[in-house]
Amino acid sequence: MDLGLKKAFTELEAEVIDTQQKVKLADIQTEQVNRTKKHAHVTDTEIMTLVDETNMYEGVGRMFILQSKEVIYNQLLEKQKIAEGKIKELEQKKSYLERSMKEVEDNIQDMLMA
C-alpha cells in the first residue's frame, strides 16, 4: 500500500467509527425521548380519571404551583407532541447517518478491491 492510500483508508476508518458513535447516541436519545413521551401519556391517562374541578400541583424546580386540571392536561399533550417531533427528527438523523456509514464502508471495500 502506498502512503496516500493508507492515509485515505485511515480517514475512512475514523469516519466509520465516528458515525457509529453518532448512531448509538441517536438511539440513546430516542429511548430517552420515548420514556418522556410514555411518562406524559401515563400521567395524562391518570389525570383524565379525576373530576374536572380538581386542582393539581405542577412541579417547577424546587417548588409547586397550583394549576387546574385543564392546564396540566394541555401541558402533557404538548410534551407528547414535542416528543413525537423529536423522535421523528432523531430517526431521520439516524437514517442519514446509517446511509453515510454505508457509503463510507462501500468506499473502504472499493479501496481494498483496487
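The buried residues of helix H1 pack against two partners, strand S1 (55–60) and helix H2 (69–113). Keep in mind as you look around that this is a predicted model.

**Helix H1**
- H1 covers residues 3–48, which makes 46 residues.
- From its first C-alpha to its last, H1 reaches 67 Å, close to the 68 Å expected at 1.5 Å a residue.
- Buried positions along H1 include Phe9, Leu12, Val16, Thr19 and Val23, and also Ala40, Asp44 and Ile47.

- In soluble globular proteins, nonpolar side chains tend to be buried together.
- Here, the largest nonpolar core has seven residues: Phe9, Leu12, Val16, Met101, Val104, Ile108 and Met111.
- H1 and H2 each supply at least two residues of this core, and H2 gives the most, with four.
- Another core, of five residues, lies apart from this one; among its members are Ala40, Ile47, Met56 and Ile72.
- Which residues does methionine 111 touch, leaving out those up to four places away in sequence? They are Leu5, Ala8, Phe9 and Leu12.

- Strands S1 and S2 (residues 63–68) run antiparallel and are joined by six bridges.

Notes
Residues numbered from 1 in each chain as written. Predicted model: local features only at pLDDT ≥ 70, side-chain atom pairs only at ≥ 80, totals over all residues. Heavy atoms only, no water. Expected span 1.5 Å × (residues − 1). Buried < 20%, exposed > 50% of the residue type's maximum accessible area, 1.4 Å probe, protein only. Contact = heavy atoms within 4.5 Å. Core = buried A, V, L, I, M, F, W, Y, C linked by side-chain atoms within 4.5 Å. Pairing = 2+ DSSP bridges.
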